[in-house]
Structure formats: C-alpha cells, structure tokens
Amino acid sequence: MIVNNLYIENDTLFFGGHSTVDLAEKYGSPIYVMDEQKIRENCRKYVNGMKKYFGDNAKPFYASKACSFKRIYNIVESEGMGVDVVSVGEIYTAFKSGYNMKNVCFHSNSKNDYDINFAMDCGVGCFVVDNVEELDAIDCFAGERGIKQKILFRVTPGIDTHTYEAVNTGKVDSKFGFPIETGAAMEITKYALAKEHIDLAGFHCHVGSQLFESSVFIRSAEIMLQFIAEVKSTLGYEAKELDLGGGYGVRYTENDPTIDIEDNIRQVAEYFKKKCSELNINEPAVSMEPGRSIVADAGITLYKVGNVKRIEGYKNYVAIDGGMTDNPRYALYESEYTVIAADKANEPCDFLCDLVGKCCESGDIIQPKVMLPESIQRGDLVAVLTTGAYNFSMASNYNRIPRLPVIMVNGDESYVAVKGETLEDIISRDI
Ligand SMILES: *Cc1c(COP(=O)(O)O)cnc(C)c1O
C-alpha cells in the first residue's frame, strides 16, 4: 500500500487502524478522513531532522493553505511547528484555535491595508514581504502601533524547477517576490534597512512543489547564500534568517518515488554549512515550509457509488456522491490519485473506468482510467487516497453542494474535526 497507515483485512480497506466501511456507516458519505498520528509522524520528520542537521534554531513552518482548520493548528503546534498563513481567513482560524501567533508567518503577494492591520492586531510574528507597496504599508501601520515589525523578503532565485507551470514559483518572471537577477532584491533590502519600523530578519524563497529530491533546495540555498554574502559586502547587513520554502513531494500513486525527508534535510544542511563557511558568513537560522508532505498522506476521501455507466465500445463511468467540489485537483492540474474499492479491496480490479463526480460539468473527473472490480455497483464504498492536502482547503459550493465533514481518527478513537455543511449553512448568507 502506498502509505504505511493503510491495509486490507477481509476485503475491507483500513485507514489509521479503522475500517473504512465502519467509518462510512458511522459518519455517512462522502467524508474526508484524516489520521492524527500520521500528521504527527510527518511533523516529527521535519522537526527532528531540521534540529539534528541544521541546529537548534532551525524550524519548520506548516504551510497551512494545504489544509486549514482549527484542530490542525493545535496538532502541528503540539509537535513544535510554526505555521504559514496566506490570508486573514487562515490567520483567524489559527488565532481562534489558540495557536501562539508569534510563530505565524504571513505570506501572500497581495496584502491590502485591512489584511496587514488584521494580522498585526492578531500579533502575527512575521510578514513575508512580496513588494514595495506592502513594505511601505507595514512600516506605516507598525509606526502607528509604535512597534518594529519583523519581516522576511520573498526573493526569487531564478530557478526553473521543470515542474508544472502553475506550481512553479521560483522563476525570475514569477508573480511572487523580488528577483535577485535584476537587482530588485538588493535595492529593496537597502530601502528596508532605512525604515524605522521594519525589522528585517532575512530572506525567503520558494521554488516549487512536489519535489522528490534535494537538488533544487541545494541550488536555491546556493543562490540565496550568495545573495546574503553580497548583501553583507554591499550594505554591511547580515541576514539572521533564511527560509528555503516548501515542497517535498508525496506519493499520490505507486509511480511516485518514496522520499526520505530526514536524509534529504541532511543533504541540504551539509551543503548549507559548507557554503556558509566558504562565503565567510554566519549561518542564518534556517526554516522550511512543508505543506502537502505534512497532511496529504494523512487523508483519504470516502465516497459511495451512485451508478455505473457502461458505454459499450467507448468507456465506462463510475459516478460517486462527491466530485470536483471536494477535490478539484484533477480538474485544475490533472493530478493523479490512487482509487480503491474500499469494501471490495481484495477483488481483482479488471474494470477500466473514469471515476466522476456529481457536478454539472464534464470536467468533473476525480480520476480517469482507474481500475476497479467488475462487480462495482451502487452503494459500494470508494476510497481516494492521499487527499489530505489541497482538497478540503480547495473545496467549493458549486452546484450548492455542501462541503464535507473532516473525520479524524486517532489510535482507537475517531472524532469530527470539522462538521459537514448543512443545507441551512448553504443559504445562511442569502438575504
Ligand atoms: C504552497 C507553499 C508551500 C507549501 O508547498 P507544498 O507543496 O504544499 O509543500 C510552502 N511555501 C510557500 C511560500 C508556498 O506558497
């Protein structure tokens, strides 16, 4: 099985030690199911790996856009993770969960005055600044409060990661951050150092997602450290922090490689230490920002089959009771997923079909060309694996379909971490 918390017993798929058939019986369908122990295990790889190889002042931040609800913030906080947020909605969720806002890092390439003030009122520890307008606004609002706001600059190291265009963010022409190559990053650093209410802690970069080895991190560490050394010699300012961004990959299917996170951190750290001494700069405190690799394989989605359509000589469809409203990722990026008949998990899979949703949209496909048992029929339970990241957080109410609950399993226990939307919720904002 692609993840170590999945196994099959008597034809039934088990997840985090729980029968998926029992979970669907108890909580209904469709549902997201997440495994708290798996989330914790994923956090520990980063927390322990970074401390071990980068030293005690290194810290991983959970990129909470991958999956944001109150309970998640409590779980990652208890594992010693900081968090990244990208909107006031995520800030508010973290704040209301009781998360220590000092350990929150606020991203986004377009923060308006309301966003900046809201973040400051909540005590957000650090802003990752994307543009000069934002810097001026932060300086102004920090001045009004009589504080110095800690920031990092988002810098684009100019790396093309050869990943999918939409998740490729480190190139010079990216909409995110200040390019090093054009001199913009140096210029803004000089400008910021003269600002009274700005505490520039260092630099941030993020070059891509779903990366399975460390060469890209090593390459961006090289460029960023070189830049830090240049800033030191040009401006006499030495960065105290360097954020290397997010992005180690997860296994959506058997074709994706497995990755040893701790060993990859070791490789980056080894290079980092060597480079710092070569450039004769103090080692900045390093942070990383894993999102999907914290939650993706800690989640599955359970659906019931509504109908099976065999179009002789063409193709077959298995339609389920959810769709692009709970998982838009195939529609958006043609993302791959592993699909299992959760109540017929040991039957041979000889039926080629497209797993499709219930939305009024031909593109509402969860996954094309999947193999399921020939006997699959209305009422059967289907599990889509590795849906813990960018599913719940990207869900919509298209067709006025209520969003799904999140059921958390934790050892022998299970609990509702997020309630499902009701029909009353759907109309609650209508006048
Ligand atoms: C999305 C994002 C991440 C997390 O990426 P994953 O692929 O989910 O690990 C980290 N940092 C930044 C700045 C991001 O935008």
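Modeller: The size of an interface is often given as the accessible area lost when the parts come together. Here, domain 1 and domain 2 bury about 2000 Å² between them, with carbon and sulfur atoms giving 56% of that. Buried area means the accessible area (1.4 Å probe) that two parts lose on being put together, summed over both. In domain 1, the residues that lose the most area to domain 2 are D35, Y333 and Y390, together 25% of what that side buries.

Biologist: What should I know about the model itself?

Modeller: This is a predicted model, where local features need pLDDT of at least 70 and side-chain atom pairs count only at pLDDT 80 or more, while totals for chains, interfaces and linings use all residues. Residues are numbered from 1 along each chain as its sequence is written, and side-chain values use heavy atoms, leaving out hydrogens and water.

Biologist: Which residues make up domain 1 and domain 2?

Modeller: Domain bounds come from an automatic or database domain assignment. For this chain, domain 1 is 6-35 + 296-427 and domain 2 is 36-294. Contact means heavy atoms within 4.5 Å, and it takes 25 residues from domain 1 and 22 residues from domain 2.

Biologist: How many salt bridges and polar contacts cross between domain 1 and domain 2?

Modeller: A salt bridge is a side-chain nitrogen of Lys or Arg within 4 Å of a carboxyl oxygen of Asp or Glu. Across this interface the rule finds zero. A polar contact is a pair of N or O atoms within 3.5 Å; within protein, one must be able to donate a hydrogen and the other to accept it, and residues adjacent in sequence count only if both atoms are side-chain atoms. There, 14 residue pairs qualify, both residues at pLDDT 80 or more.

Biologist: How many salt bridges does the structure hold?

Modeller: The structure holds 22. One joins the side chains of R40 and E36, at 3.0 Å from N to O.

Biologist: Which residues are closest to the ligand?

Modeller: A residue counts as near if one of its heavy atoms lies within 4 Å of the molecule. The ligand has 14 residues around it, and K65, S209, E289, R292 and Y390 are the closest. A ligand oxygen is 2.6 Å from a side-chain N or O atom of Y390, and a ligand oxygen is 2.9 Å from a polar backbone atom of G291. For H206, a side-chain N or O atom is 3.4 Å from a ligand nitrogen.
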